[in-house]
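Please read this briefing beside the sequence and the three-dimensional view.

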Amino acid sequence: MKLVNFLFVLLSIPALCQTLDYNSKKGLAVEGYDVVSYFNNEPKKGLKKFAIHVDNITYLFSSKENLISFRDNPEKYMPQYGGYCAYAVALKGKKVSIDPKTYKIIHDKLYLFYKGWGANTLDLWNEENEEIVLNKGDKNWHIIQFKK
């Protein structure tokens, strides 16, 4: 029994040493947008004076109140799938950048999407069965989250 526990710990060490890959530009989460503001259905750019660092990434906030809300419960506000496009993670198994103004709150979690010339992945997402796509996304993210 002790050998089994030792092997489990030994095999778990590489996973513990990996760091989650976040979608960030210049070290900023969600291109500098205030993740708490999404939950008020009003995405706002954050300010450098209201910054907090989590897992080597900087989150900016539009107010001191939002910074405190995040600090007290970061799991509630952090974007899913490391801030990458939820549609691309779920249906393509790939990490794709986002448009910070294209988002959806699902089950009290923030999901971000790509919107660019010729494609709005939020529209594509909304054409799918959301629960099935969420399950695919969760499975794919589990596989790709540590890959750069």
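The points below are grouped by topic.

This is a predicted model, in which local features need pLDDT of at least 70 and side-chain atom pairs count only at pLDDT 80 or more, while totals for chains, interfaces and linings use all residues. Residues are numbered from 1 along each chain as its sequence is written, and side-chain values use heavy atoms, with hydrogens and water left out.

- Leaving aside neighbours within four places in sequence, V30 is in contact (heavy atoms within 4.5 Å) with N23, V35, Y38, P79, I98, P100 and L112.

**S63 in its loop**

- S63 has its place in the loop between β4 and α2, and it counts as buried, with a relative accessible area of 17%; buried means under 20% relative accessible area, exposed over 50%, and partly exposed in between (1.4 Å probe, protein chains only).
- A polar atom of the S63 side chain lies 3.1 Å from the backbone nitrogen of N66.
- Once neighbours within four places in sequence are left aside, S63 is in contact with D34 and F50.

**Aromatic pairs**

- The structure holds 9 aromatic pairs, where rings of Phe, Tyr and Trp (its six-membered ring) pair if their centres lie within 6.5 Å, and planes under 30 degrees apart count as stacked, over 60 as edge-to-face and the rest as tilted.
- The rings of F61 and F70 have centres 5.1 Å apart and planes at 45°, so this pair is tilted; F61 is buried at 0% relative accessibility, and F70 is likewise buried at 0%.
- The pair of Y111 and W125 is also tilted, because the ring centres are 6.2 Å apart and the planes are at 35°.
- This second pair links distant parts of the chain, with Y111 in strand β6 and W125 in helix α5, 14 residues apart, and both Y111 and W125 are buried.
- Y111 and W125 belong to one aromatic cluster that is formed by Y81, Y84, Y111, F113, W125 and W141.

Methods. Helices (H or I, at least four residues) and strands (E, at least two) are DSSP runs, numbered from the N terminus. A polar contact is a pair of N or O atoms within 3.5 Å; within protein, one must be able to donate a hydrogen and the other to accept it, and residues adjacent in sequence count only if both atoms are side-chain atoms.
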